[in-house]
Amino acid sequence: MGYVAPLAALESTRLFEFRKKLAMTSHTENFAKALDWTGKLRTRYLHTLATFRIYERFRRRSAPNIVGKKKAEANARIFNQNIYFFAPLQEAARCYFFLELAKFFDTNKNKQSLTIELLLDFVDNHFSSFSKEKFLEHHSTRHFLPDLFADYKPFSKGDIKKIRDRLKRNKKVIANLKIYRDKALVHADLKYSEVPITGSQI
């Protein structure tokens, strides 16, 4: 009977250590997952932006007020001479841009798609995994300069709120973008009426 208390204490210690290790593993996995998702979103964003620049460059090349009348007319002749190459290329860039842009803002009730909202929810729900200490733990095998780590600023609740507020401010534009994607680009909806999306909104 005298061994019961020490054994109980030992089991309690082991349980505590196990939970601690599990929590550390969980924090590490959360940090890694958020980093992976952020990287994927960033890559998609850069591809989307690059496509928009390609589309924009085509339009600028035939704009007299940008490249000058003489050059614009020369470029327009080249485009018209090769219309079955340049026209589909320009339209492909335009459609790809809108399709990819809309993906960032998809409604994600079942959490099956990687969106800005999904990443925000994940960080918000596992906020303790993204402290300065967890950042250092995640990169424990890498050699950081002390000054670099000292300057690192972890994500704050205020940062999350700022992003959510920006999404709310652009709610109407995002809604129009998704309507345009769903009814004009993905489907040829017979009841679709044109949704105005201005260049400044894009």
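Reader: What pattern does the protein follow, read along the sequence?

Author: The pattern is α-α-α-α-α-α-α-α-α, with nine helices and zero strands. Helices are DSSP runs of H or I with at least four residues, strands are runs of E with at least two, and both are numbered from the N terminus. This is a predicted model, in which local features need pLDDT of at least 70, side-chain atom pairs count only at pLDDT 80 or more, and totals for chains, interfaces and linings use all residues. Residues are numbered from 1 along each chain as its sequence is written, and side-chain values use heavy atoms, with hydrogens and water left out.

Reader: How do you know that the span of helix H3 agrees with what its 13 residues should give?

Author: The expected span is 1.5 Å times one less than the number of residues. For residues 69-81 that should be 18 Å, and the end C-alpha atoms of H3 are 18 Å apart, so the two agree.

Reader: Which residues of H3 are called buried?

Author: Ala72, Asn75 and Phe79 are. Buried means under 20% relative accessible area, exposed over 50%, and partly exposed in between, with a 1.4 Å probe and protein chains only.

Reader: What makes the buried residues of H3 line one face?

Author: Seen down the helix axis, they fall within an arc of 70°, so they line one face; the arc is that of the directions from the axis to the C-beta atoms. The face turned away carries the exposed residues Lys69, Lys70, Asn80 and Gln81.

Reader: Where is confidence lowest and highest among the helices?

Author: pLDDT, the predictor's confidence in each residue, runs from 0 to 100. Helix H7 (residues 146-151) is lowest at a mean of 70, and helix H8 (residues 157-169) highest at 94.
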